[in-house]
Amino acid sequence: MAATLKFIHASDLHLDRPMSGLTEIPTHLYEVLANAPYEAAKKVFDLAVSERVDFVLLAGDLYNSELGNARAAAFLLSQFERLADKDINVYWCGGETDHPDRWPAAIELPDNVVTFSSRIVEEVNHEREGEPVARIMGCGYDAKSRRTAGDFSAPSSELFTIALAHGDFDIQSLKAENVKYWALGGNHKASKHDRTSSTVVYSGTPQGRSPKESGAHGFKLGRIDAAGKLRLQTVESDRVRWLPQKVAISEGVEVHTLKKELTERAAKIVADTTDQIVLARWTLATEGMFNPAIRKREWSEQILEWLRDEFGRGDKGLWSVSLDVAAPKQLPSDWYEEDTILGEFMRAIGRYQSDDSLRLNLHEYTPTNVEGTLTSGMSQVSQARREEILRRAAMVGIDYLAAHKHYGGDVDEVQGTETVEATI
Ligand SMILES: [Mn+2]
């Protein structure tokens, strides 16, 4: 059945929020990174025009109205005007950063833009040729009181009813009857939750900004048929994509073997993406006996440079941000027996590794004014996390106390040392 109503749902454009998590930016990526939020957002409006949707739902955090960013406001205005030309409405509810009431007074929003900034839920009908075809219930962001399903309660209607809001909602409570679609913003990761009579959707941000926002990002295209059935499509719009890459290697890996493996992985990344620049953070997780050679900074720097030369320059789409060799699972057992500060340290670590009842008491290292939830979070560490923390702690100590074994001297000589394997 042909769609009788078509809409786009996007949120968290954060036009003026830059990329983070890069310690150095190669010159050929300056412009791509600076423009990525705008390019991603433009895809939202481009699709609205090419699909001739009825309206666009923008669920907050479009830009930061406190910063008074002229480029962001000008961009939004020109996109809104494009949509006005095509008779496409915009329903925009305020988020944490973009109170619609703080839109520059000197620039008038076109008539096709309907804003929701009040903390009270407001209701408008979307009309086509003078006839209402959908009902939109929206409100502004309210940091203090959490909205509940009750705020959106509405009498039953023939009209397809949409709730538009920004915030961290208790999804389980959002089952207000008569609301078919919840167009939510505030979560940068997209998610969809099917409730008995409605669909709750966070569209996510069209462009991930940091390693924490890894993976594909985009927005939603919804189609409602004459029977009122919703079909939802995810549209990828990110120009730059963070993708963590974990590669399993053996401690004794040969560089040419590793390069072969990385080449295969790189080919797969490029094949799996279309026009994105991928920002890869590589972690080499190791198996086997501790090999100091692969933990020399020059070793990982060389591999990183090779990755960048091979796949990252020119118009190639894979930029390797960093390459880390994970803490080893096994260390030479005689280090635990030495009558040195290193030996003392390793024995202390070993006690924590072999006796799970010894608490890490990480909260003792936080400032006293830290919130209670964070403190209690730190006192509850999973087994896997505990092992990882102890391995990393061991590596920090080794960096300071075993520099002569680790980074100094001849690598082959160190490798040749007879050691009994100890699992830590
Ligand atoms: Mn946001």
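In strand β14, the residue that Q245 has as its bridge partner is W282. That pairing is a handy way into this structure, which is a predicted model.

**The parallel sheet**

Q245 and W282 are bridge partners, and the strands around them, β13 and β14, pair in the parallel sense over 11 bridges. Strand β14 covers residues 277–287. As background, strands of a sheet pair through backbone hydrogen bonds, either parallel or antiparallel.

**The β11–β12 hairpin**

For the antiparallel kind, look at β11 and β12, which are joined by 7 bridges. Within this pair, I224 stands opposite L230 in β12. The hairpin has 4 residues between the strands, and G228 takes a positive phi near 85°. How much of β11 is covered? Strand β11 is mostly covered, with 6 of its 8 residues buried.

Here are the two pairings laid out together:

| Strand pair | Sense | Bridges |
|---|---|---|
| β13 and β14 | parallel | 11 bridges |
| β11 and β12 | antiparallel | 7 bridges |

**Helix α1**

Now for a helix. α1 takes in residues 30–50, and at 1.5 Å a residue its 21 residues should span 30 Å; the end C-alpha atoms are 30 Å apart, so the two agree. Even so, α1 bends by about 55° at A36, and a proline, P37, follows within four residues.

**The whole chain**

Stepping back, the protein chain has 9 helices and 17 strands. Of its 424 residues, 34% are buried. What share of the contacts between residues at least 6 apart in sequence join residues at least 24 apart? In this chain that share is 68%.

Key:
Residues are numbered from 1 along each chain as its sequence is written. This is a predicted model: local features need pLDDT of at least 70, side-chain atom pairs count only at pLDDT 80 or more; totals for chains, interfaces and linings use all residues. Two strands pair if DSSP finds at least two bridges between them. Helices (H or I, at least four residues) and strands (E, at least two) are DSSP runs, numbered from the N terminus. A residue is buried if 20 or more other C-beta atoms lie within 10 Å of its own, exposed if 12 or fewer, and partly exposed in between; C-beta atoms are placed from the backbone. The expected span of a helix is 1.5 Å times one less than its number of residues. The bend at a residue is the angle between axes fitted to the seven residues ending there and the seven starting there. Two residues are in contact if their C-beta atoms, placed from the backbone, lie within 7 Å.
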